[in-house]
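Hello,

Here is the structure I promised to pass on to you. Have a look at it first, and then read my notes below.

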Amino acid sequence: MRRVEEIVRGQTPIALSAKASVRDAACLMRDQHVGAVLVLDEASELVGIFTARDVITRVLALSLDPDATRLSEVMTSNPDCLHIGLPATDALRLLRESGHKYVPVAAGKRVVGVVSRWDFHPVEHERLSAESEIWEHI
């Protein structure tokens, strides 16, 4: 059974300062082909996450200026994090239950990557679905 560590192995977390603009984040997500950026404070500690969906729902839909709006104003603060040693199916369950598309992964206090629903193998999705069906029948 895979662990989250295997999913994020070799990842370089994509991150910006909380003072960065929404446009900076959108351009970075485009250039890096990712759907989320981690938001760090001055001490390089995780304070939030900002996703492509946030661009739509928290910036464009509210007619905010992407050049003037700082990530600290529109990010999800203090996001849930997954531990690097968690089994993949447990991580996938947490993603499904929380409704999050992206969740940071931490090793202790250090963020080492981000996982999304698309990072999991079909067999892990199938295993979780089968497990859910069993619990529904109980």
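**What I found**

The largest nonpolar core has 16 residues, and those touching the most other members are Val22, Ala25, Met29, Val37, Val39, Phe50 and Leu71. A nonpolar core here is a set of buried Ala, Val, Leu, Ile, Met, Phe, Trp, Tyr and Cys residues joined through side-chain atoms within 4.5 Å. Two or more residues each come from helix H2 (22–32), strand E2 (36–40), strand E3 (46–51), helix H3 (52–59) and helix H4 (71–74). H2 gives the most to this core, three residues. Apart from it lies another core, of 15 residues, including Leu95, Val103, Val115 and Phe120.

Before going on, please keep in mind that this is a predicted model: local features need pLDDT of at least 70, side-chain atom pairs count only at pLDDT 80 or more, and totals for chains, interfaces and linings use all residues. Residues are numbered from 1 along each chain as its sequence is written, and side-chain values use heavy atoms, with hydrogens and water left out.

(Buried means under 20% relative accessible area, exposed over 50%, and partly exposed in between, with a 1.4 Å probe and protein chains only. Helices are DSSP runs of H or I with at least four residues, strands runs of E with at least two, numbered from the N terminus.) Leaving out residues up to four places away in sequence, valine 39 touches, among others, Leu16, Ile49, Phe50, Leu71 and Met75; contact means heavy atoms within 4.5 Å. Leucine 16 is 23 residues apart from valine 39 along the chain, yet their C-alpha atoms are separated by 5.2 Å.

Next, turn to helix H5 (residues 88–98), where Ala88, Thr89, Ala91, Leu92 and Leu95 are buried. Seen down the axis of H5, these buried residues fall within an arc of 160 degrees, so they line one face of the helix; the arc is that of the directions from the helix axis to the C-beta atoms. Just after H5, glycine 99 takes a positive phi of about 80 degrees.

Leu95 is also a contact of serine 116, as are Lys101 and Tyr102, again not counting residues up to four places away in sequence. Serine 116 sits in strand E7 (residues 110–116) and is buried, with a relative accessible area of 6%.

Best wishes
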